[in-house]
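Hi everyone, thanks for making time this morning. Let me put the structure up on the screen, and then we can walk through it together.

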Amino acid sequence: MSAVEHKPSKRILVVEDEHHIAEGLRLNLQLQGYEVLIAETGTAGLSAWKQWEPDLIVLDIMLPGIDGISVLKSIRLEDERLPVLILSAKNSAEDRVKGLVLGVDDYLSKPFNLDEFLLRVERLLKRNSWVKEESKPEVERLTDSYVFGDNKIEFGKSLAVCKGEQVTLTEQEIRLLRLFIANRGRALSRGEILELAWGFSKSLTTRTVDNFVVRFRKYFEDDPKNPVYFKSRRSVGYVFDH
Ligand code: CA
């Protein structure tokens, strides 16, 4: 394809468990001059995203273990801009919407045309480098906030105003709050919370999750013993209700 320009320095992470598809993509992307890394599970994909710092991720939805949607959620907690091209055998409208809400940049259904795939990759990388040149306006960053009850979380400033008092939030608290808010109304298991908010690299116990929730209740609940927002779900985990 002569229309595709060579971008030798760009790194593309392919998260795909179907070996022949992953290898086919690797070969073709390498022919275009990209550096390619394959991850065959969601967990390996998250690990590679952190350690290898790709410029673009090609992400299959159906993966063993944590699926592509969960991988994407986890990435978007920390990086709202990294281009993600979803691959899926499923072509339901529901999947498409779910993906777009989560910040998928593009979507291809299997089986797809290889030239089309390469063009989309090229387009996403181009668009992202254009976006990067314009820095995010200060105002937009600072208005990144969430209000519930008498509480306001200001993500950009790493603080919360809880019942009139200001609390400084740690990076991990912010990540966990984003996760709860993004999944409000849905019960999350402790294991799921650990996986999505902490990733894979640290050996933590589910007790860690409990400790954070205790802290959130102290910050945000009028009566921490009878929580209204950070509720326990017996034998499941926690749900943020708002
Ligand atoms: Ca798959």
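Arg-120 is buried, with a relative accessible area of 18%, and the cut-off for buried is under 20%. Keep in mind as we go that this is a predicted model. The side chain of Arg-120 meets that of Glu-116 in a salt bridge, at 2.7 Å from N to O. Both residues belong to helix α5, which covers residues 114-133, and they sit 4 residues apart, about one turn of the helix. Glu-116 is partly exposed, at 35% relative accessible area.

Elsewhere, salt bridges with shared partners join Lys-50, Glu-78, Glu-171 and Arg-175 into one network. Let's take Glu-78 as our way in. Its side chain meets Lys-50 in a salt bridge of 3.0 Å, N to O. Lys-50 lies in helix α2 (residues 42-52) and Glu-78 in helix α3, so this pair ties together parts that are 28 residues apart in sequence. The side chain of Glu-78 also meets Arg-175 in a salt bridge, this time at 3.2 Å. Arg-175 is in helix α7 (residues 171-182), so here the parts tied together are 97 residues apart in sequence.

How accessible are these partners? Lys-50 counts as partly exposed at 33%, and Glu-78 is partly exposed too, at 38%. Arg-175, at 13%, counts as buried. Across the whole structure, a search finds 12 salt bridges.

Now, a word on helix α3 itself. Of its 11 residues, 10 are buried, so the helix is largely enclosed by the rest of the structure. Among those buried residues are Ile-69, Val-71, Leu-72 and Ile-75, and also Lys-73 and Arg-76.

On to the metal. Which residues coordinate the calcium ion? They are Asp-17 and Asp-60 through OD, Glu-18 through OE, and Met-62 through O, at 2.1 to 3.2 Å. If you like to read it off the chain, the donor spacing is D-E-x41-D-x1-M. Asp-17 is in the loop between β1 (11-15) and α1 (19-31), while Met-62 is in the loop between β3 (56-60) and α3 (68-78), 45 residues apart. Asp-17 is partly exposed at 29%, and Met-62 is partly exposed at 48%.

Finally, let's zoom out. The protein has 9 helices and 12 strands, and 46% of its 242 residues count as buried. It exposes about 12,600 Å², with carbon and sulfur atoms supplying 50% of that.

Notes. Residues numbered from 1 in each chain as written. Predicted model: local features only at pLDDT ≥ 70, side-chain atom pairs only at ≥ 80, totals over all residues. Heavy atoms only, no water. Donors = N, O, S within 2.8 Å, 3.2 Å for Na, K, Ca; no water. Helix = DSSP H or I, 4+ residues; strand = E, 2+ residues; numbered from the N terminus. Buried < 20%, exposed > 50% of the residue type's maximum accessible area, 1.4 Å probe, protein only. Areas by Shrake-Rupley, 256 points an atom, 1.4 Å probe, with all protein chains shown as cover. Salt bridge = Lys/Arg side-chain N within 4 Å of Asp/Glu carboxyl O.
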